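This briefing covers surface patches, helices and annotated spans. Please consult the sequence and the structure shown here while reading.

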Amino acid sequence: MNKTQQILFDEPGPRAQRRIRIATVVGAVLLVGAAVAAVHQFASHGELAAARWEPFTTWPIWRYLLNGLWATVRAAAATAVLSAVLGLLLALGRLSTHRPLRWLAGAYVEIFRTVPTLLLIYVTLFALPQYGMNFPLFWKLVVPLVVSNSAAFAEIFRSGILALDRGQTEAGLAVGLRRGQVMALVVLPQALLQLTPSLVSQLVGLLKDTSLGFVVSYTELLYSGQVLSSYTHLLIQTFLVVALIYLVVNASLSKFARVLQARNGRFGGRRGRRDADLPPPLIEGTTPR
């Protein structure tokens, strides 16, 4: 368990680990049983017949679904960039020495971490236009997602900054850097390196949140699936294909996060071993003669 995880969670003991393994096995068995039962029901009602899946072997169907996936990716990318920038500013605000700024950033994070994203979409869709703020369709989805996800990004950034050893900040101040320079040049680069897997994992949830675009009739992947199923009358087949696309995309992001975490772990281990092998004067920052 890395330092960031230690701040957010306590490391489970032997009994907790045993209970986690048992729960994982039981959950896997139940999931497999549910999948087998679902396949049996589909087969008994003719939903697995080849004729009902034949439309999904044609390019026009896949082109329509891929256009929906591209709309999902565009909304997720815009949300991710804006949420990360706003989240970083909020995290710095919560760590600020100025009490009003710290209070405002903390209030924002605590409020929008608890407000459902769907409610924010309804506010953007119905309430804001009454006050002259009628966003384009794309931004009716992206703006509430940014408001919600920026609070989550803020906590990720804040936990990563707090996980760093205070000696990093003190060393920067000792060589004459201002506090802002220490944060920008010393603390943030190291924190972002450690937080990369967590940030990628947050993108998985963010990508799933874009499925709320059906509320504003934004033609993302799920909404495209709804339109397609109403046209082909293949409800189950369409949404199984849509679910498979989501599964592939999110599994790829999760795999990417695990690869980054493993690389960061190996890098940290090698750096720790190198520091341990150095003579004490060099570790303390003095040059041996």
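Helices (H or I, at least four residues) and strands (E, at least two) are DSSP runs, numbered from the N terminus. The model is predicted: local features need pLDDT of at least 70, side-chain atom pairs count only at pLDDT 80 or more, and totals for chains, interfaces and linings use all residues. Residues are numbered from 1 along each chain as its sequence is written, and side-chain values use heavy atoms, without hydrogens and water.

**Surface patches**
- Arg 15, Arg 18, Arg 19 and Arg 21 form a positive patch.
- Leu 118, Leu 119, Tyr 122, Val 123 and Phe 126 make a nonpolar patch of about 430 Å².

**Residues in helices**
- Arg 21 belongs to helix 2 (residues 14–44) and is exposed because its relative accessibility is 51%; exposed means over 50%, buried under 20% and partly exposed in between (1.4 Å probe, protein chains only).
- Val 123 lies in helix 6 (residues 117–127) and is partly exposed, at 35%.
- Arg 113, in helix 5 (residues 99–114), is partly exposed at 47%.
- Arg 113 and Ser 148 are 35 residues apart in sequence, with 6.4 Å between their C-alpha atoms.

**Annotated spans**
- The unreviewed UniProt entry annotates "transmembrane region" at several spans, including residues 103–125 and 182–207.
- Residues 103–125 are 91% helix and 0% strand, with end C-alpha atoms 29 Å apart.
- Residues 182–207 are 100% helix and 0% strand, and their end C-alpha atoms lie 33 Å apart.

How values were computed: Patches are made of residues with over 30% relative accessible area and no salt bridge: like charges are joined within 9 Å, nonpolar side chains (Val, Leu, Ile, Met, Phe, Trp, Tyr) within 5 Å. Accessible areas come from the Shrake-Rupley method with a 1.4 Å probe; for residues, only the protein chains shown count as cover. A salt bridge is a side-chain nitrogen of Lys or Arg within 4 Å of a carboxyl oxygen of Asp or Glu. Lys and Arg count as positive and Asp and Glu as negative; His and the chain ends are not counted. The place of a charge is taken as NZ of Lys, CZ of Arg, CG of Asp or CD of Glu. UniProt positions are given in the numbering used here, feature names are shortened, and annotations may be inferred rather than shown by experiment.
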